[in-house]
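The answers set the computed values against the definitions.

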Amino acid sequence: MTRLSVIVKHWTPAQWDALIMQYLPSNVLTDKFWRGRPGPCPICGGQDRFTYDNKRGRGDWVCRHCKDGEPMAGDGLELIRRLRGMSFAELAKELEGTRPPCPLPQVARPVTPKAAMSDEAKAKRIQRVWANAAPLVPGDAAMRYLAARVPGLVAPRPSALRIATMDYYHDGELMGRYPTIVAQFTLPDGRTATVHRTALDPAKPAKAYIVTADGEILPAKRNDVSALPTAGGAVRLMSPRDGVLGVAEGLETAYAAHMLFGVPTWYCLNRVLLNRFVVPQGMGIHTLYIFADFDEIDPKTGKSPGMADALALAKRVRNEGLTVHLHRPMVRGTDFCDQWLTANRLQGIAGQRAVCA
Ligand SMILES: [Zn+2]
């Protein structure tokens with residue numbers, strides 16, 4: 001047990017509220033904040049994207065668009081640590097000397113925790129979502145979306161992607177019905193851990209733009225419930241070829257990298273899961289290509305987040321004895337989807353010139 005977990009071991013949800021209150025600025029601690037409604041994020045400063053719900057009774061929060069456009073969530077300690085730029089050890093030191101926060105009786109929270117779903121119920125739900133989705137066919141919403149994001153895409157039709165029309169719920173409220181790409185997220189041992197959903201615009205080949213009555217922009221890309229821990233897994237877009245496999249963070253970057261490098265590529269959903277990707281046994285994979293997102297430097301860590309996670313994966317897999325090739329796009333702040341768009345455009349210009357000559 002860490003020092004911090006010892007300190008907070010017996011804290012009640014109300015004590016977490018009190019802790020949060022000691023650290024957050026008053027422009028964040030509004031009435032809406034305590035009612036679990038979206039408001040300004042104390043970390044990234046964005047409006048209408050941060051929700052404090054204390055749903056596990058540990059000062060829990062989520063920012064839907066925190067860093068590099070990625071959602072971020074955590075408990076009260078993580079929030080304070082990020083806010084103050086402290087390490088967990090520094091925070092432990094600060095909390096150790098003080099008395100536990102005094103509960104605030106005036107904070108009344110209407111949010112009641114949802115009944116937890118059993119793992120069996122989650123597995124059934126995932127199965128149902130997958131079974132109700134249809135395999136991709138040329139011209140469907142998923143194929144049109146992919147053709148728009150990765151122009152000129154040529155790839156085997158993926159059995160790990162399906163398409164469905166799905167209701168989009170937020171806080172128990174129906175936001176709309178969208179054509180939705182359903183992706184099967186598979187663990188190294190072949191079991192399905194979850195399905196990932198990308199809501200698409202019903203009219204044009206783009207991600208859906210979903211906004212609540214409060215003006216909060218909701219993510220088009222979401223995981224469904226996870227029946228199993230997701231670490232190690234990926235969406236298996238294509239079969240490895242001659243022992244060679246590539247991995248990328250996202251669906252679009254995986255396809256773009258495939259077009260640029262000709263390597264069969266899977267995707268891990270985000271950089272954290274890319275970092276934790278495990279090469280499955282029994283497929284004869286001896287060479288792994290890692291196609292990193294070349295994120296801007298995070299001023300807090302001095303590192304490019306996408307690159308840092310890709311490097312960590314490269315190091316681990318190399319230590320396991322595999323050949324690893326790590327690639328990043330040429331321009332900082334871009335991913336391989338951007339690079340493919342540029343390459344494709346230049347090819348188009350070159351093609352036109354050839355016609356003119
Ligand atoms: Zn934020």
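**Terms and their grounds**

Along the chain, the donors of the zinc ion are spaced as C-x2-C-x18-C-x2-C. This is a predicted model, in which local features need pLDDT of at least 70 and side-chain atom pairs count only at pLDDT 80 or more, while totals for chains, interfaces and linings use all residues. Residues are numbered from 1 along each chain as its sequence is written, and side-chain values use heavy atoms, with hydrogens and water left out.

Q: What makes C41, C44, C63 and C66 donors of the zinc ion?
A: Donors are N, O and S atoms within 2.8 Å of the metal (3.2 Å for Na, K and Ca), and the SG atoms of C41, C44, C63 and C66 coordinate the zinc ion at 2.3 Å, so they qualify.

Q: Why is the arrangement around the zinc ion called tetrahedral?
A: Four donors count as tetrahedral if all angles lie between 85 and 135 degrees; the 4 donor atoms here subtend angles of 102 to 115 degrees, and therefore the arrangement is tetrahedral.

Q: What makes R64 and E216 a salt bridge?
A: The term requires a side-chain nitrogen of Lys or Arg within 4 Å of a carboxyl oxygen of Asp or Glu, and the closest N and O atoms of R64 and E216 are 2.7 Å apart, so the pair meets the definition. Between domain 1 (3-96) and domain 2 (119-346), bounds that come from an automatic or database domain assignment, the count is 1 salt bridge.

How values were computed
Four donors count as tetrahedral if all angles lie between 85 and 135 degrees; four count as square planar and six as octahedral if opposite donors are over 155 degrees apart and all others between 65 and 115; anything else is irregular.
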